[in-house]
Amino acid sequence: MAENVITLNNVDVFQQKHLVLSNVDLNIAKGEFVFLIGATGSGKSSLLKIIYGDLHIGNGEGSVANFNLKTLSDKEVPFLRRKLGIVFQDFQLLSDRTVEQNLEFVLKATGWKDKNLIIERIKDVLEKVGLRSKIKKMPHELSGGEQQRIVIARALLNNPEIILADEPTGNLDPETSEEIVMLLKQISQNGTAVLMATHDYHIIRTFPSRIIKCENGLVHEDAQIA
Ligand SMILES: Nc1ncnc2c1ncn2[C@@H]1O[C@H](COP(=O)(O)OP(=O)(O)OP(=O)(O)O)[C@@H](O)[C@H]1O
């Protein structure tokens, strides 16, 4: 069996004192592509926050990219985040810097020093998302779909084990959304697990995959859509 990159056993998820999800069991294997669904307020973002170390687990056990969530200290969180690529709905590129500078900023912040290695890595991830030619562009010179591809390139910089994508197609038209999901699928086939929260049932039908659903305070590991 493939090794798991995310394991949660019997985890309770709290926001402040409010129990959002209880007894969560979740296993995601290396290279798996999984949709995360559920109504507004059902706990999808809270679950993602547990995985990227923004919320502590209450009861239960958890491990993400070999980090033990139970004992995770604040100091360890940045190291956990390096094993994760995070992609949100809003593209969150720095608007006053070029694509290259946006990517360089992240590499430098995560300890990369060698100029040649930095430029090679930037070219490499841009190649992966099909936007090598946009390296010198400013974000406003790119379409929404292109900006989201750059965000995905940024998420890939440190060769993550997992991509967490929270509504990554929320601001995109249907055709561009499909292209983004195709790219994420391709990334998963190369060994990076992808967990993508979405409300878009058209996308879910177009790319049949395992579905995890948050509902009534519980997480269903193998859900179906109607
Ligand atoms: N910072 C917070 N403090 C207190 N309660 C919170 C906080 N963030 C979220 N909640 C509550 O936790 C519950 C789950 O919210 P969460 O954002 O995880 O849902 P979601 O499924 O991601 O929703 P959406 O689809 O709207 O993004 C909600 O009842 C919400 O009000």
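The following legends describe close-up views of a predicted model.

Residues are numbered from 1 along each chain as its sequence is written. Because the model is predicted, local features need pLDDT of at least 70 and side-chain atom pairs count only at pLDDT 80 or more, whereas totals for chains, interfaces and linings use all residues.

**View 1**
Helix α5 covers residues 144-156. Helices (H or I, at least four residues) and strands (E, at least two) are DSSP runs, numbered from the N terminus. The expected span of a helix is 1.5 Å times one less than its number of residues. The 13 residues of α5 should therefore span 18 Å, and the distance of 19 Å between its end C-alpha atoms agrees. A residue is buried if 20 or more other C-beta atoms lie within 10 Å of its own, exposed if 12 or fewer, and partly exposed in between, with C-beta atoms placed from the backbone. In α5, 11 of the 13 residues are buried, so the helix is largely enclosed by the rest of the structure. The buried residues are G145, Q147, Q148, R149, I150, V151, I152, A153, R154, A155 and L156. They pack against β6 (84-88), α3, α4, β7 (162-166) and α6 (174-189); two residues are in contact if their C-beta atoms, placed from the backbone, lie within 7 Å.

**View 1. Residue Q148 within helix α5.**
Q148 is found in helix α5. Is Q148 buried or exposed? Q148 is buried, because 30 other C-beta atoms lie within 10 Å. In sequence, Q148 and R210 are 62 residues apart, and their C-alpha atoms are 23 Å apart in space.

**View 2. The packing of α5 with α6.**
Two packed helices are described by the angle between their axes and the distance between the axes. Axes are lines fitted to C-alpha atoms, for helices over the stretch in contact, and angles run from 0 to 180 degrees between N-to-C directions. For α5 and α6, the angle is about 15 degrees and the axes are 10 Å apart. Angles under 35 degrees count as roughly parallel, over 145 as roughly antiparallel, 65 to 115 as roughly perpendicular and the rest as oblique. The helices α5 and α6 are therefore roughly parallel to each other. Their crossing is right-handed; a crossing is left-handed if the near helix is turned anticlockwise from the far one by less than a right angle, and right-handed if clockwise. G144, G145, Q148, R149 and I152 of α5 make the contact with T176, E179, I180 and L183 of α6. By class, this contact of α5 with α6 has 3 nonpolar, 4 polar and 2 charged residues. Ala, Val, Leu, Ile, Met, Phe, Trp, Tyr, Cys and Pro count as nonpolar, Asp, Glu, Lys and Arg as charged, and the others, Gly among them, as polar.

**View 3. The packing of α3 with α5.**
Helices α3 and α5 pack at an angle of about 25 degrees, and their axes are 10 Å apart. They are therefore roughly parallel to each other. The crossing of α3 and α5 is right-handed. V99, N102, L103 and V106 of α3 meet I150, A153 and R154 of α5. Of the residues in this contact of α3 with α5, 5 are nonpolar, 1 is polar and 1 is charged.

**View 4. The packing of α3 with α4.**
Helix α3 (residues 99-109) packs with helix α4 (residues 115-128) at an angle of about 120 degrees, with 10 Å between the axes. The two helices are therefore oblique to each other. The crossing of α3 and α4 is right-handed. On α3 the contact involves E100, L103, E104 and L107, and on α4 it involves I118, R121, I122 and V125. These residues divide into 5 nonpolar, no polar and 3 charged.

**View 5. Residue F35 in strand β3.**
F35 lies in strand β3 (residues 33-37). With 24 other C-beta atoms within 10 Å, F35 is buried. Which residues does F35 touch, not counting residues up to four places away in sequence? They are M196, T198, I204, S209, I211 and I212. The C-alpha atoms of F35 and L8 are separated by 17 Å, and the two residues are 27 residues apart along the chain.

Most residues other than glycine have a negative phi. N23, in strand β2 (residues 18-29), has a positive phi near 50 degrees and is not a glycine. N23 is partly exposed, with 15 other C-beta atoms within 10 Å. N216, in the loop between β9 (210-215) and β10 (218-220), has a positive phi of about 50 degrees although it is not a glycine. N216 is exposed, with 10 other C-beta atoms within 10 Å.
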